[in-house]
Amino acid sequence: MIDLYTAATPNGHKVSIALEELALPYTLKVLDLSKNEQKQPDFLAINPNGRIPAIVDRAAGDFAVFESGAILMYLAEKTGQLMPADPQGRSRVVQWLMFQMGGVGPMMGQANVFYRYFPEKIQPAIDRYQGESKRLLRVLDGHLQQHEYLAGDYSIADIANWAWVRTHRWSGVAIDDLPHVQRWLDAIRARPAVQRGIQAPPSEINFNKDSPEQTKQFTDKARTMVEMGQSQQPTSKPSL
Ligand SMILES: N[C@@H](CCC(=O)N[C@@H](CS)C(=O)NCC(=O)O)C(=O)O
C-alpha cells in the first residue's frame, strides 16, 4: 500500500493519475495547503522541501519519495509500466518528463502567480511567464504533430505534461492554434484512469470556464499560500 500526500493541483494529480493507471492501491492523504499543513514537522520528515506531492511506500520499508517527477519514475520502475526499460526508450521518456519538470510546470506555475494570485499586476512578469509557457506548448504541438504520444507509447511523460497543460486556461495561455496539443489533451482525458486520478482529490475550480465566485475563493486561498511559502523556511525532522 502507498500513502499519497497530495492536494488538488497539477503536481498532485500527476501522481494520482499514475497510481490509477498502474492499479496500485493507495491511501489518499490530502493536505490543506492554505493551512500550511505541508510545512508541519511530520510531513517535512517525508519531504524536507515542504511541498506536495510525496509518497511513502509502506510495502517497501516505508520508503519515502518526493518531487513528482521522481515519484513517477519510482512508480514506473517499481511496476515495469509506463516507461520502457531499454536505455534509449527510457531516455526519451525522461527527456519529456524533464521538459515538464524544468519548463512547463515552473513557467505555468509562475504565470499563475503573476496573472492570478499577486495583488499587483506586473505586466512584464505576466508576459514573460505566459510567453514562455506558450513557447513550450508550441514545442509540444510540433512534436505531437509527428507522434501520437510524447515518447513512444503513452507514458509518465504524457501524464506529467498533461496534468499541467490541461490547466492552460488558468495560466491565461490559449491553445486554439495548437491542434495537436488539443488532440492529445482529449485522448488522454478520455482514459478512465485519468478521470479517476483528477478526482483524487477533485479540483476546486473549473479549468474550462470561470465562475467568478469560485475563482475568487480559490485565488484568495492560493495567494495566502504563496505569501506563506515566501515567508517561512521549513525545518525538518530527520528524514525517514
Ligand atoms: N517540483 C515539485 C513542485 C511541488 C510544488 O510546487 N507543490 C506545490 C503544489 S503544486 C505545493 O506544495 N505548494 C505549497 C507551498 O508552496 O507551500 C514537484 O514537482 O513535486
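**Reading the backbone and the ligand shell**

Author: P53 lies in the loop between α2 (41-44) and β3 (54-57); helices (H or I, at least four residues) and strands (E, at least two) are DSSP runs numbered from the N terminus. This is a predicted model, in which local features need pLDDT of at least 70 and side-chain atom pairs count only at pLDDT 80 or more, while totals for chains, interfaces and linings use all residues. Residues are numbered from 1 along each chain as its sequence is written.

Reader: Is D62 buried or exposed?

Author: The general idea is a count of neighbours: a residue is buried if 20 or more other C-beta atoms, placed from the backbone, lie within 10 Å of its own, exposed if 12 or fewer, and partly exposed in between. D62 counts as exposed because it has 11 C-beta neighbours inside 10 Å.

Reader: What is phi of E67, a residue other than glycine?

Author: Phi of E67 is positive, near 75°. E67 sits in the loop between β4 and α3 (68-79). With 16 other C-beta atoms within 10 Å, E67 is partly exposed.

Reader: Which residues surround the ligand?

Author: A residue is near a molecule if its C-beta atom, placed from the backbone, lies within 6 Å of it. The residues around the ligand are T9, N11, L33, Q38, G50, R51, I52, P53, E67, S68, M225 and G229.

Reader: How do the residues of the shell divide into nonpolar, polar and charged?

Author: Ala, Val, Leu, Ile, Met, Phe, Trp, Tyr, Cys and Pro count as nonpolar, Asp, Glu, Lys and Arg as charged, and the others, Gly among them, as polar. The shell has four nonpolar, six polar and two charged residues.

Reader: How many helices and strands does the protein have?

Author: The protein has nine helices and four strands. Buried residues make up 37% of its 240 residues.
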